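I set out to look up the overall build of this chain, one of its sheets and its charged pairs. My entries follow in the order in which I looked.

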Amino acid sequence: MFATIYLPNFYLQAALRHQSGLAKEPVALIDERATKAVIIQLNHAAQEAGVHRGMTPSQGRARCLELVVKTRAREQERLLDQLLFQFSYTLSPYVEATAPGLCTLQFTDHRNLGAKVQRVIALLAGNGIIALAGIAQIADTSLLAAHLARPVLQVGDTRTFLASLPIETLAYTDAPPPSGDHPVT
């Protein structure tokens with residue numbers, strides 16, 4: 001069995017980690033190292049105001065005057081990734097830092113797996129980290145389940161689960177373009 005623990009809007013979560021006052025404000029994130037500053041991630045309040053990924057900050061502000069534009073916080077990203085990795089290791093010794101904000105775990109002991117993963121998701125939430133998890137027989141299926149989880153989704157029958165998914169589910173739309181500056185642990 002596999003589980004994937006996924007931190008949605010990872011880069012935005014890292015940038016806002018110690019700024020809880022912005023939780024309800026429309027916030028967008030840009031990568032200051034990119035050749036063209038465009039919004040790479042945004043919160044729900046910004047989406048509701050009509051802002052979307054790929055807009056320039058000025059286009060975003062034209063849609064929402066209250067939009068707060070933040071830049072990536074690479075040190076916070078590194079620390080948040082380490083937290084995710086450490087919490088994942090409490091579940092299994094077989095952990096892979098699959099991508100920024102994403103860990104894949106393999107289990108040999110399947111007993112109470114859902115409850116164990118739920119406990120880690122709750123611990124992350126207690127530390128102000130939004131996390132989702134998917135559990136399945138196949139690692140790729142656990143990744144898809146994690147993207148659909150609220151907060152944990154355990155897939156029983158892989159074939160039935162995959163057949164029910166719309167094709168749009170296969171597009172990984174949460175991540176900004178890779179910049180090559182994120183070390184793999």
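The entries below go from the whole chain to single residues.

**Entry 1: the whole chain**

I note at the outset that the model is predicted. I counted the secondary structure and found 7 helices and 8 strands in the chain. I then looked up the extent: along the principal axes, the C-alpha atoms fill a box of roughly 50 × 35 × 30 Å.

I asked what radius of gyration the chain has, and what a compact globule of 185 residues would have.

I looked up burial next: 43% of the 185 residues are buried. The chain exposes about 9900 Å², and carbon and sulfur atoms supply 56% of that area. For contacts between residues at least 6 apart in sequence, I recorded that 55% join residues at least 24 apart.

**Entry 2: a sheet of 3 strands**

I turned to an open sheet, in which 3 strands lie in the order β3-β2-β4 with mixed pairing. From one strand to the next, the twist averages 35°.

I reminded myself that strands of a sheet pair through backbone hydrogen bonds, in a parallel or an antiparallel sense. I then looked up the pairing of β2, residues 27–30, with β3: the sense is antiparallel, over 3 bridges. Ala28 has Leu42 in β3 as its bridge partner.

How many salt bridges does the structure hold? I found 7. Side chains of opposite charge can pair when their charged atoms come close.

I took Asp31 and Arg74 to begin with; their side chains meet in a salt bridge at 2.8 Å, N to O. Asp31 lies in the loop between β2 and β3, while Arg74 belongs to helix α4 (residues 74–89), so the pair ties together parts that are 43 residues apart in sequence.

Are these two residues buried or exposed? The cut-off for buried is under 20% relative accessible area. Asp31, at 10%, therefore counts as buried, and Arg74, at 17%, is buried as well.

Arg74 also forms a salt bridge with the side chain of Glu32, at 3.2 Å, N to O. This pair links distant parts of the chain, with Arg74 in helix α4 and Glu32 in the loop between β2 and β3, 42 residues apart. Glu32 has a relative accessible area of 43% and is partly exposed.

Asp109 counts as partly exposed at 29% relative accessibility, and Lys116 is partly exposed at 28%.

How values were computed:
Residues numbered from 1 in each chain as written. Predicted model: local features only at pLDDT ≥ 70, side-chain atom pairs only at ≥ 80, totals over all residues. Heavy atoms only, no water. Pairing = 2+ DSSP bridges. Helix = DSSP H or I, 4+ residues; strand = E, 2+ residues; numbered from the N terminus. Axes fitted to C-alpha atoms, helices over the stretch in contact; angles between N-to-C directions. Salt bridge = Lys/Arg side-chain N within 4 Å of Asp/Glu carboxyl O. Buried < 20%, exposed > 50% of the residue type's maximum accessible area, 1.4 Å probe, protein only. Rg over C-alpha atoms; globule rule 2.2 N^0.38 Å. Contact = heavy atoms within 4.5 Å. Areas by Shrake-Rupley, 256 points an atom, 1.4 Å probe, with all protein chains shown as cover.
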